[in-house]
Amino acid sequence: MNKSIELKCLCGGKLIKEEVIIEKWIKDKLIVIKNVPALVCEVCGEKYYDAKTSLKLDDYFYNEKPDGIIKVPVFRYKESIEEAEGMESGTEQF
Ligand SMILES: [Zn+2]
């Protein structure tokens with residue numbers, strides 16, 4: 001049963017089946033979901049989820065009890081925007 005339909009990202013990159021971690025802010029709460037099945041673009045890193053997974057994710061975001069709580073360090077970026085270099089030199093993508 002090897003369905004080899006090659007799925008492509010909008011950018012043209014190949015999509016690879018992977019388990020990913022999703023982080024999402026809901027109001028002032030950060031929610032993390034691990035081991036989410038997704039198709040990830042080899043080139044740009046865009047993640048795609050099937051319809052069933054998307055619905056299930058909503059359950060986790062709004063209804064499910066968490067399996068654990070983690071503490072995360074929080075920083076406030078203090079430098080003003082004028083001090084930031086032009087976007088051309090060394091733009092970093094997170
Ligand atoms: Zn892509």
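What share of the contacts in the protein chain with a separation of 6 or more is accounted for by residues 24 or more positions apart? The share is 47%, a contact being a pair of residues whose C-beta atoms, placed from the backbone, lie within 7 Å. The structure is a predicted model, in which local features need pLDDT of at least 70 and side-chain atom pairs count only at pLDDT 80 or more, while totals for chains, interfaces and linings use all residues. Residues are numbered from 1 along each chain as its sequence is written.

The predictor's confidence in each residue is expressed as pLDDT, from 0 to 100. Its average over the protein chain is 86, and 83% of the residues score at least 70. Among the elements, confidence is lowest in α1, with a mean of 92, and highest in β3, at 96.

The protein chain contains 1 helix and 3 strands, arranged from the N terminus as β-β-β-α. Helices (H or I, at least four residues) and strands (E, at least two) are DSSP runs, numbered from the N terminus. The 3 strands form an open sheet in the order β1-β2-β3 with antiparallel pairing; two strands pair if DSSP finds at least two bridges between them. At the edges are β1 (15-26) and β3 (47-48), each of which pairs on one side only.

Strands β1 and β2 are joined by 11 bridges, and I16 stands opposite V40 in β2. The hairpin of these two strands has 2 residues between them, and K27 takes a positive phi near 55 degrees there. Strand β2 (residues 29-41) is joined to β3 by 2 bridges; L39 has Y48 in β3 as its bridge partner. Helix α1 (residues 51-62) lies across β1 and β2 and runs at about 170 degrees to β2. Axes are lines fitted to C-alpha atoms, for helices over the stretch in contact, and angles run from 0 to 180 degrees between N-to-C directions.

Buried residues make up 0% of the 94 residues in the protein chain. Of the 12 residues of β1, 0 are buried, so this strand lies largely in the open.

The loop between β2 and β3 includes V43, which is partly exposed, with 13 other C-beta atoms within 10 Å. Not counting residues up to four places away in sequence, V43 touches C9, C11 and G13. V43 and C9 are 34 residues apart in sequence, and their C-alpha atoms are 8.6 Å apart in space.

Conventions
Two residues are in contact if their C-beta atoms, placed from the backbone, lie within 7 Å. A residue is buried if 20 or more other C-beta atoms lie within 10 Å of its own, exposed if 12 or fewer, and partly exposed in between; C-beta atoms are placed from the backbone.
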